[in-house]
Amino acid sequence: MNIHNHTALIQKLLDCVLACENCATESLREDNTGEMSRCISLDRDCADICAQGARLLQRKSEIGHQFLVICEEICPLCADECRKHQAEHCQLCADACYECAEACHEHHHPITQV
């Protein structure tokens, strides 16, 4: 993989992190936080997982591309939940998550034990 694609993938992961963090923060400010609990929880999980993926890729970890399988799994879960809500921050988060899942799918390697 060339450095340009690697950098673009890390940026997609970081864009997803920021969108998820924003969505969780804005959701906590809404009156109906109880209805948003799954959204907030998935936002936080997705942000943490994608941030770790970006760190692993940045430092060229042996398992960086394998870890993308987990990123690819959490992103659509988060996006699907966000799509259920009309708030703009949820819709923007869903878009970022779907884009990140696609990018991760294109670059991940199967999980293998070393």
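1. Glutamate 102 sits in helix α4; helices here are DSSP runs of H or I with at least four residues, strands are E runs of at least two, and both are numbered from the N terminus. At 53% relative accessibility, glutamate 102 counts as exposed, where exposed means over 50% relative accessible area, buried under 20%, and partly exposed in between, using a 1.4 Å probe and protein chains only.

2. Before going on, the ground rules. This is a predicted model, with local features needing pLDDT of at least 70 and side-chain atom pairs pLDDT 80 or more, while totals for chains, interfaces and linings use all residues. Numbering starts from 1 along each chain as its sequence is written, and side-chain values use heavy atoms, with hydrogens and water left out.

3. Helix α4 covers residues 88-107 and also holds histidine 89. Is histidine 89 buried or exposed? Histidine 89 is buried, because its relative accessibility is 11%. Leaving aside residues up to four places away in sequence, histidine 89 touches Asn22, Cys23, Glu26, Ser27 and Glu30; a contact is heavy atoms within 4.5 Å. With glutamate 30 there is a side-chain to side-chain polar contact at 2.7 Å. That term means a pair of N or O atoms within 3.5 Å; within protein, one must be able to donate a hydrogen and the other to accept it, and residues adjacent in sequence count only if both atoms are side-chain atoms.

4. Lysine 60 is in the loop between α2 (37-58) and α3 (64-83). Its phi is near 55 degrees, a positive value in a residue other than glycine. Lysine 60 is exposed, with 63% relative accessible area.

5. Now the whole chain. The protein chain has 4 helices and 0 strands, running α-α-α-α from the N terminus. Its radius of gyration is 14 Å, close to the 13 Å of the globule rule for 114 residues, so the chain is as compact as a globular protein of that length; the radius is taken over C-alpha atoms, and the rule is 2.2 Å times the number of residues to the power 0.38. The C-alpha trace spans about 45 × 30 × 20 Å along its principal axes.

6. Buried residues make up 42% of the 114 residues. Among contacts between residues at least 6 apart in sequence, 69% join residues at least 24 apart.
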